[in-house]
Each structure stands twice: as structure tokens, then as C-alpha cells.
Number of protein chains: 2
Amino acid sequence: MTTNRSRPAGRPATIPDVAREAGVSRSTASRALADYGSVSPDARERVRAAAEKLGYRPNLLARSMITGRTHTLGAIVADIQNPFFAGVTRGITDAARAAGYQVLLANTDEDVAAERAAVKMLRDKHVDGLIVAPAATTETGHLAAAHAAGCPVVLLDRQAPGLPADSVTVDNHGAAQDAVRRLLAAGHRRIALVSLLGSAPPADTGAERAAAATPLPTDPVSTGLERIEGYRAALREAGLSDTDTYLRTGTFHREDPADLTADLLALPEPPTAVFATDSMIALGVLSAARDHGLRVPDDLSLVTFDDTDWARAVRPRVSVVAQPVQELGARAVHSLITRIEGATRPPEHTVLDTEYIDRESIAPPPGA
Amino acid sequence: MTTNRSRPAGRPATIPDVAREAGVSRSTASRALADYGSVSPDARERVRAAAEKLGYRPNLLARSMITGRTHTLGAIVADIQNPFFAGVTRGITDAARAAGYQVLLANTDEDVAAERAAVKMLRDKHVDGLIVAPAATTETGHLAAAHAAGCPVVLLDRQAPGLPADSVTVDNHGAAQDAVRRLLAAGHRRIALVSLLGSAPPADTGAERAAAATPLPTDPVSTGLERIEGYRAALREAGLSDTDTYLRTGTFHREDPADLTADLLALPEPPTAVFATDSMIALGVLSAARDHGLRVPDDLSLVTFDDTDWARAVRPRVSVVAQPVQELGARAVHSLITRIEGATRPPEHTVLDTEYIDRESIAPPPGA
């Protein structure tokens with residue numbers, strides 16, 4: 001065994017190369033590199049130094065066949081341009097790093113086909129498990145398949161009822177109901193909800209159009225639906241039986257929240273307050289209010305889901321339902337790692353609290 | 001050869017399994033699955049159907065040894081919570097998808113150690129190349145090593161002078177100079193710059209502290225430095241020789257832009273205008289202005305790099321230097337794919353134009 005036999009230029013170093021360089025057997029080098037079985041500290045150090053000198057890159061696929069793990073998590077978010085998901089992503093990355101895992105991210109832009117492709121790619125890259133904010137509630141066969149094949153899935157932010165997976169969400173219904181109660185308490189009765197909540201447009205039937213002010217998308221995400229139900233519940237408990245007159249929903253990339261708001265403001269009896277279901281919706285509401293020459297909160301009150309940097313910095317500062325974004329990401333990571341390590345308990349649904357932060361965007365209705 | 005011999009339950013399907021199911025030879029199945037060489041349309045279709053029936057997942061590592069490609073790009077961004085990088089990420093993902101590539105994302109949170117770990121992870125996952133917004137300008141050995149080992153690197157947003165890689169940036173110097181000229185044209189003379197531009201704090205020597213109002217971080221990112229030089233150039237051409245009195249820089253995660261701005265506003269002769277080097281800085285400036293009871297633009301004018309949704313929605317709407325975020329991402333993808341496909345030309349530095357968008361956040365200085 002020599003330590004100076006050179007390998008052909010350009011060929012990547014292999015375990016035999018490292019073993020030769022370190023002066024140990026192939027099986028010792030293999031055990032030291034994969035970090036399993038018995039290896040003396042001295043041999044381990046020589047192998048480490050040899051691997052570094054030769055620029056050896058482990059064949060992680062082979063290693064994962066030994067250890068069964070790659071210590072890599074896949075995270076699939078629905079829209080990285082939404083500050084909510086950017087914050088959650090940060091929470092996932094921080095918690096994973098602390099637990100010794102790396103994160104591979106994919107962005108679906110609320111598109112189920114892109115989500116399906118991302119799941120395939122991440123499984124091909126041998127991630128140990130997946131954290132997914134699903135783009136659709138019912139089209140989840142690819143997630144069920146991954147889960148059943150031993151690649152555990154944890155749902156984040158959104159539920160998918162047919163999928164027997166852990167989930168980490170907030171109490172969307174309760175938080176929405178609470179936010180709308182704040183508007184009611186300020187004296188508002190004409191309270192609108194604006195939301196985007198699915199990527200498939202509603203079936204365009206005359207019957208449906210007649211039945212609701214705005215038909216729901218065919219496969220809406222659960223988060224949006226729960227916020228709508230919380231909104232309706234708050235209106236009903238205030239004695240307002242007509243809960244859909246000021247309800248405007250659209251599908252991602254098809255409707256603009258500013259346009260939905262403009263429609264509302266053009267009504268003969270326009271709303272005096274708006275509940276926005278996320279911060280990007282809230283920006284649309286603010287734009288539409290500006291375009292109509294309305295001041296917030298004097299002419300139009302606003303409360304929105306999601307606390308963003310801008311909500312604190314602008315004037316008036318915007319009252320929000322703050323979600324624990326870091327904690328959502330961290331809990332999802334912990335659930336997933338427990339599953340990867342073999343937990344077989346039934347699916348757990350973790351529901352975190354939100355916090356209402358009162359600022360300056362709610363006032364009594366004009367003329368009150 | 002039988003078509004109904006079953007494999008052990010739970011074992012993943014292999015190429016021999018697919019070949020048996022399809023009734024073709026292993027080498028035909030292998031060629032059909034890897035999409036190379038000569039295979040009859042009929043055999044190709046039978047192999048495809050068999051692979052789908054058996055749930056065959058290609059061993060992409062093995063496949064990549066044949067084709068030399070995984071059609072996966074790695075993208076390493078410095079701070080996914082910055083809307084600039086969220087937008088660029090969207091541009092990367094869209095352009096990659098159009099070119100038949102998938103994207104694996106990693107976020108470094110402006111930390112060089114995290115960047116090093118991300119490069120290692122993505123190379124272990126056999127990406128064909130890397131798009132990187134480097135967290136540091138000089139600590140780039142891991143990028144040089146990847147590049148030299150045949151994993152091409154394209155720099156995005158930021159330069160790294162020692163690295164012979166393609167880069168895609170904007171004209172930061174020119175755009176900053178133009179933005180500051182707008183403030184000068186409105187009559188301002190006390191114009192501040194606020195920036196965060198590195199993860200390493202400055203060496204704390206008395207000499208350095210005495211020499212500048214604010215010492216620069218030890219390894220600042222190029223983008224910030226170029227914007228500072230553009231700022232200084234604009235002041236000098238207006239006859240203002242003292243270009244550092246109102247210059248405040250800090251390091252990521254150590255300094256808060258609102259605190260840097262508060263320091264400026266507490267000066268005996270405070271600035272009447274601020275140039276913020278990105279949208280997150282601008283939010284800090286707005287917060288500090290609020291806390292000092294100053295109105296924008298009446299008491300304090302503001303111009304910032306980066307056009308965000310909130311800059312258009314708030315009142316006053318904020319005047320910005322808009323970067324072509326989608327185009328930056330797309331150009332980086334195209335440069336990288338050209339390299340992956342074997343281009344050997346010298347490094348190319350693509351510099352895209354920015355656009356100044358005049359809104360409502362610049363007014364004459366108070367009392368003017």
C-alpha cells in the first residue's frame with residue numbers, strides 16, 4: 001500500500017483513494033467517512049485529513065443506504081414573495097440547522113403542478129422528509145404517495161383533510177373572528193373581507209354566480225376558508241345575517257386584491273372597514289383606498305392577517321393579526337424530525353396562537 | 001424472461017425490474033429511462049409504462065454519470081426575507097423552469113459559514129451549477145473550489161473580485177449617484193446614506209473610529225460599497241467635499257437601520273433627506289422618522305433602492321430605484337446554463353439598468 005500513488009487528473013477522489021492516502025483499509029476508511037462502526041481515533045483523524053487533502057466528496061447516496069439518512073429536509077412553500085412564507089422559511093432553516101439538518105427549498109408559486117415537480121425533485125435528492133404548504137386542499141396524491149413511501153410529510157399553514165400527516169397551523173377561524181370583532185366594536189356594520197385562496201378558478205355556472213356575491217375557487221386552501229368562516233361567525237354573532245354581501249375572493253395570479261377592493265368601494269353602500277386575509281391583500285386594499293381618495297382609518301378602517309415590517313413603519317401603522325412565523329417553522333421541523341426518527345403515533349395537528357396587535361388603522365365609521 | 005416475477009415487498013423498483021415488466025433487455029430499459037442512445041418508440045413506451053406501474057424512481061446519481069447532468073440548479077441567496085431576493089428567486093425559478101431545469105434554494109441569512117455549508121450540500125446533491133449572492137466579497141474559497149471542480153458559479157447582485165466567474169448585477173454606482181442627484185435637485189445639502197453591508201464588524205481601532213463617522217465592515221458586500229461610492233460622487237459633483245458626515249453603515253444582524261437613522265436625526269444639524277440602500281433600510285428610516293415626529297416628505301425626504309409592493313401602497317408613496325429583479329434572476333440562469341453546457345469564454349459581467357421611479361417622498365428641505 002503506497003500513499004503517493006496518484007489518481008488520474010480530474011477524476012474525483014474515491015474511498016479507495018482516501019484509504020491509500022490515509023494508510024488504512026478500505027473498510028476502515030468507509031466506516032470513518034460514514035461515521036459508523038468502530039474506528040480508532042487515530043485512524044479517523046488520518047482518514048479525515050486524507051479526505052480533505054484529496055478533496056473527497058462523499059457519495060451521499062451510498063452513505064444514505066448505510067445510515068438511512070441524508071440529514072436534509074425539503075421545504076416546499078407556496079409563495080416565497082409573501083413575507084409570511086419568507087418568515088416561516090427562516091424559522092424552518094434556523095430550527096433545522098440547530099438540529100443538525102440542512103434545508104432544500106422549493107417555491108411553487110401556488111401551482112399544484114410545480115408542487116408535484118418539487119416533491120419529485122426533492123425525493124430524487126433523497127431528502128429525509130418534507131415540510132409542505134400545499135397549493136391545493138384535495139389534489140394531494142403526490143404528498144400521500146411520498147408519505148406512504150417512507151418520506152414523511154408535515155403540512156405547514158394549511159390542512160389537507162385526506163392526508164394522514166402531522167400539521168402545524170394557527171387558529172385561523174378564531175383569529176379571524178377576533179379581528180372582525182374589533183371592527184364591530186369600533187362601530188362598523190358594513191365590513192368587507194378580501195382574500196385570494198386558490199389557484200383554480202370557480203366553475204363558471206350561472207347558478208353559482210347567482211348564489212353568492214363571489215363564488216369560491218374550486219380547490220381553495222384551508223387557511224383562507226377558515227378565515228372566511230371566522231369572519232362570517234363574527235358577523236352572525238353581531239346579528240348581521242347577510243355575511244356574503246361584502247365578501248370578495250379570487251384566485252392567485254388571476255385576481256388583483258386592489259381590483260376586488262375597488263369593486264367593493266364602488267358599491268352604492270360601500271364597506272366602511274376591510275378585513276384582509278394576508279399582508280399582500282392589505283397592500284391591495286391600501287392601493288385601492290388611495291385611488292378612491294379614501295384615508296385610512298378616517299374613511300376606511302383596515303385590519304389584516306400577518307405582521308410585516310411595513311405594517312409597523314407606515315403611517316398610519318396597521319393593526320394586525322400576528323402569526324408566530326418562526327415558531328410555525330420550528331414546530332414543523334420538530335414534528336418532521338420526530339417522524340424521520342420513526343415515531344408512529346397518529347397524525348398530530350398543532351395549532352398555535354396568534355396575537356392581535358392594535359395600532360392605528362381602525363377608527364369608527366365615517367359619520368359615526 | 002417473465003413479466004410477472006414479483007420483487008420483495010418494500011424494495012424499490014430497479015432497472016432490471018422495469019426491464020422484466022416491459023419485456024425488454026436491461027440495456028434497452030436503461031437507455032430508455034436515461035433517454036439516450038437508440039430505443040424504438042414502442043420499447044420506449046413499454047418501459048415508460050412499466051416504470052410508472054412499478055413506481056420506479058431513477059437513481060439520478062447513476063443517471064447523472066451517464067448524461068453528466070441532473071438538470072438541477074442551486075441558488076444561494078443572502079436573505080430570503082429581503083423582498084429583493086424574494087423577487088430575484090422568483091425570476092430564477094421561472095427562467096429555470098422554462099429552460100427545463102429545477103431549482104434547489106438555500107438561504108444564508110448573510111452568514112459565510114452557512115453559505116459554505118449550503119455550497120457543500122448543493123454539490124453533494126449534484127446540482128449542475130450554482131447561482132450565488134455571496135455573503136462576503138473576499139471569503140470565497142468555497143465558491144472558487146466549486147467553480148474549479150466543474151460546478152460553475154454565477155454571481156448574482158454582488159461581485160467577488162477574486163473569483164473568475166460570470167456575474168449579473170446592476171449599475172449600483174450610477175443608480176445611487178442618480179438617486180442622490182434627485183435629492184440635490186430638490187435643494188437638499190444635508191443628505192444622509194444609511195446601509196447595512198457586511199456580516200463582519202469593523203476592526204475596533206481608535207484610529208479608524210477617528211478617521212470616519214462610521215467605519216466600514218471588514219468584508220463589505222460589493223453592492224453596498226458601490227452605492228456608497230455613487231452617493232459620494234453625487235455629493236462631490238455638487239461641491240460638497242465632506243461626504244462622510246451623514247454616512248451611516250452597519251453590519252447585518254448587529255445594527256438596526258432605525259437606530260442608525262435615529263443617531264442621524266439627533267445631530268445638531270440633522271439631515272433633511274435620506275438615501276436608503278434597500279427597502280428594509282427604508283422601513284427603518286420611516287420608523288425612526290415617525291419616532292422623531294417627522295413627516296415624510298415635509299420634514300424628511302426619502303429615496304430608496306428597490307421597488308416593493310408597500311412602496312407603492314403607502315402614503316406618501318415612496319420614490320425608488322427599481323431593480324429589474326425578474327431579469328436579474330433570468331440572466332443569471334441563462335449565464336449558468338451556458339456554462340453548464342460547456343461555454344469556455346472568459347468571465348462575463350452583465351450589468352443591467354435600473355429605473356428611477358418618482359413618487360411622493362421627495363420635497364424641498366424644510367424652510368426652503
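Analyst: Leaving aside its neighbours within four places in sequence, A:Asp109 is in contact (heavy atoms within 4.5 Å) with A:Val77, A:Ala78, A:Asp79, A:His253 and, from the other chain, B:Arg90. This is a predicted model, in which local features need pLDDT of at least 70 and side-chain atom pairs count only at pLDDT 80 or more, while totals for chains, interfaces and linings use all residues. Residues are numbered from 1 along each chain as its sequence is written, chains are lettered from A and ligands numbered from 1 in the order in which they are written, and side-chain values use heavy atoms, with hydrogens and water left out.

A:Asp109 is found in the loop between β2 and α6 of chain A, where helices (H or I, at least four residues) and strands (E, at least two) are DSSP runs numbered from the N terminus. At 10% relative accessibility A:Asp109 counts as buried; the word buried means under 20% relative accessible area, exposed means over 50%, and partly exposed lies in between, using a 1.4 Å probe and protein chains only. The side chain of A:Asp109 makes a polar contact with the side chain of B:Arg90, at 2.9 Å. A polar contact is a pair of N or O atoms within 3.5 Å; within protein, one must be able to donate a hydrogen and the other to accept it, and residues adjacent in sequence count only if both atoms are side-chain atoms.

A salt bridge is a side-chain nitrogen of Lys or Arg within 4 Å of a carboxyl oxygen of Asp or Glu. Side chains of opposite charge can pair when their charged atoms come close. Between chain A and chain B the count is four salt bridges, and 16 residue pairs, both at pLDDT 80 or more, are in polar contact. On the side of chain A that touches chain B, the elements that give two or more residues are α4 (60-67), α5 (83-98), β2 (102-107), α6 (112-124), α12 (279-291) and α13 (309-313). Of these, α6(A) gives the most, with seven residues.

Taken as a whole, 46 residues of chain A are in contact with 46 residues of chain B. The size of an interface is often given as the accessible area lost when the parts come together. Here the area buried between chain A and chain B is about 4,300 Å², of which carbon and sulfur atoms give 53%; buried area is the accessible area (1.4 Å probe) that two parts lose on being put together, summed over both.

Beyond the contact between the chains, the structure holds 50 salt bridges over all chains. One of them joins the side chains of B:Lys53 and B:Glu21, at 2.9 Å from N to O. B:Lys53 lies in helix α3 (residues 41-54) of chain B and B:Glu21 in helix α1 (residues 15-22) of chain B, so this pair ties together parts that are 32 residues apart in sequence. B:Lys53 counts as exposed, at 61% relative accessibility, whereas B:Glu21 is partly exposed, with a relative accessible area of 22%. Another salt bridge pairs B:Arg317 with B:Glu360, their closest N and O atoms being 3.0 Å apart.

Aromatic rings also pair: there are four aromatic pairs over all chains. Rings of Phe, Tyr and Trp (its six-membered ring) pair if their centres lie within 6.5 Å, and planes under 30 degrees apart count as stacked, over 60 as edge-to-face and the rest as tilted. The rings of A:Phe84 and A:Phe85 have centres 5.0 Å apart and planes at 70 degrees, so they form an edge-to-face pair. Both A:Phe84 and A:Phe85 are buried. The rings of A:Phe275 and A:Phe305 have centres 6.2 Å apart and planes at 50 degrees, so that pair is tilted. A:Phe275 and A:Phe305 are both buried. The charged end of A:Arg227 sits over the ring of A:Phe305, 3.6 Å from its centre, a charge being over a ring if NZ of Lys or CZ of Arg is within 6 Å of the ring centre and within 35 degrees of the ring normal.
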